[in-house]
Amino acid sequence: MSESKRVGDRGENLVRDYLVTLGYQILAQKWQCPYGEIDLIATNPEWLIFVEVKTRSARNWDNGGLLAIAGAKQQKLLLSAQAYLAQNPETEKNLRFDVALVARKGEKYHLTKYLTSAFTADT
């Protein structure tokens with residue numbers, strides 16, 4: 001396993017565990033389709049949540065990590081979410097796109113920001 005994949009997996013697992021502590025149900029992790037991958041898909045009584053996780057070394061953040069989910073990346077996530085919904089049409093909840101920013105220092109990982117509704121399908 002590559003180092004970047006191992007780092008990304010650790011960040012995703014940290015965020016997954018965080019969402020579980022909030023009472024969210026995890027429907028999928030690393031869900032893939034032709035448009036790309038959705039890191040986490042979670043649900044709570046009101047929302048179906050598509051979560052993008054960005055894990056970086058503590059000194060390697062670009063504007064808080066938000067530049068990593070701009071423009072083309074958002075479009076890929078929107079298309080991937082549409083593909084998920086096409087395969088799971090029974091989902092009748094409000095949709096939300098969240099972004100989790102995880103900092104890494106050595107072998108320590110820390111959820112630095114969790115951005116609820118970081119962008120919308122209209123963005």
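The largest cavity and its setting

Reply: The largest cavity has a volume of about 50 Å³, a volume being the space filled by probe spheres set on grid points joined across faces, edges and corners. A cavity is a set of points on a 1 Å grid over the protein atoms alone where a 1.4 Å probe fits but cannot get out, and its lining residues have an atom within 4 Å of a point. By this rule there is 1 cavity of 30 Å³ or more. The model is predicted, and local features need pLDDT of at least 70 while side-chain atom pairs count only at pLDDT 80 or more, although totals for chains, interfaces and linings use all residues. Residues are numbered from 1 along each chain as its sequence is written, and side-chain values use heavy atoms, with hydrogens and water left out.

The residues that line the largest cavity are I38, F50, V51, E52, L77, F97, D98 and F119. Sorted by class, this lining has 6 nonpolar residues, 2 charged ones and no polar ones, where Ala, Val, Leu, Ile, Met, Phe, Trp, Tyr, Cys and Pro count as nonpolar, Asp, Glu, Lys and Arg as charged, and the others, Gly among them, as polar. Strand 3 gives the largest share of the lining, 3 residues, and strand 3 and strand 4 each supply at least two; helices (H or I, at least four residues) and strands (E, at least two) are DSSP runs numbered from the N terminus.

The protein chain has 2 helices and 5 strands, and from the N terminus on its elements run α-β-β-β-α-β-β. The 5 strands form an open sheet in the order 1-2-3-4-5, with mixed pairing, two strands being paired if DSSP finds at least two bridges between them. Strand 1 (25–33) and strand 5 (108–119) stand at the edges with a single partner strand each, so one side of each has no neighbour in the sheet. On average, neighbouring strands of this sheet are turned by 30 degrees against each other, direction ignored.

Strand 3, which gives the cavity lining its largest share, pairs with strand 2 in the antiparallel sense over 4 bridges. In strand 3, F50 stands opposite I41, and F50 also belongs to the lining of the largest cavity.

Helix 1 lies across strand 1, strand 2, strand 3, strand 4 (94–105) and strand 5, and it runs at about 65 degrees to strand 5, with axes fitted to C-alpha atoms (for helices over the stretch in contact) and angles taken from 0 to 180 degrees between N-to-C directions. R16 is found in helix 1, and the C-alpha atoms of R16 and V51, which are 35 residues apart along the chain, are separated by 9.5 Å; V51 is one of the residues lining the largest cavity. Not counting residues up to four places away in sequence, R16 touches I26, Q29 and L40, contact meaning heavy atoms within 4.5 Å. With a relative accessibility of 26%, R16 counts as partly exposed, that is, in between buried (under 20% relative accessible area) and exposed (over 50%), with a 1.4 Å probe and protein chains only.

D9 also lies in helix 1, but at 15% relative accessibility D9 counts as buried. Leaving aside neighbours within four places in sequence, D9 is in contact with M1 and K30. K30 is in strand 1 and is partly exposed, with a relative accessible area of 26%. Although K30 is not a glycine, its phi is positive, at about 60 degrees. Most residues other than glycine have a negative phi. S117, in strand 5, likewise has a positive phi, of about 55 degrees, without being a glycine, and at 39% relative accessibility S117 counts as partly exposed.

Of the 123 residues in the protein chain, buried residues make up 39%. Among contacts between residues at least 6 apart in sequence, 54% join residues at least 24 apart.

How values were computed: On a 1 Å grid over the protein atoms alone, a cavity is a set of points where a 1.4 Å probe fits but cannot get out, and a pocket is an open set with protein on both sides within 12 Å along at least five of seven lines; lining residues have an atom within 4 Å of a point.
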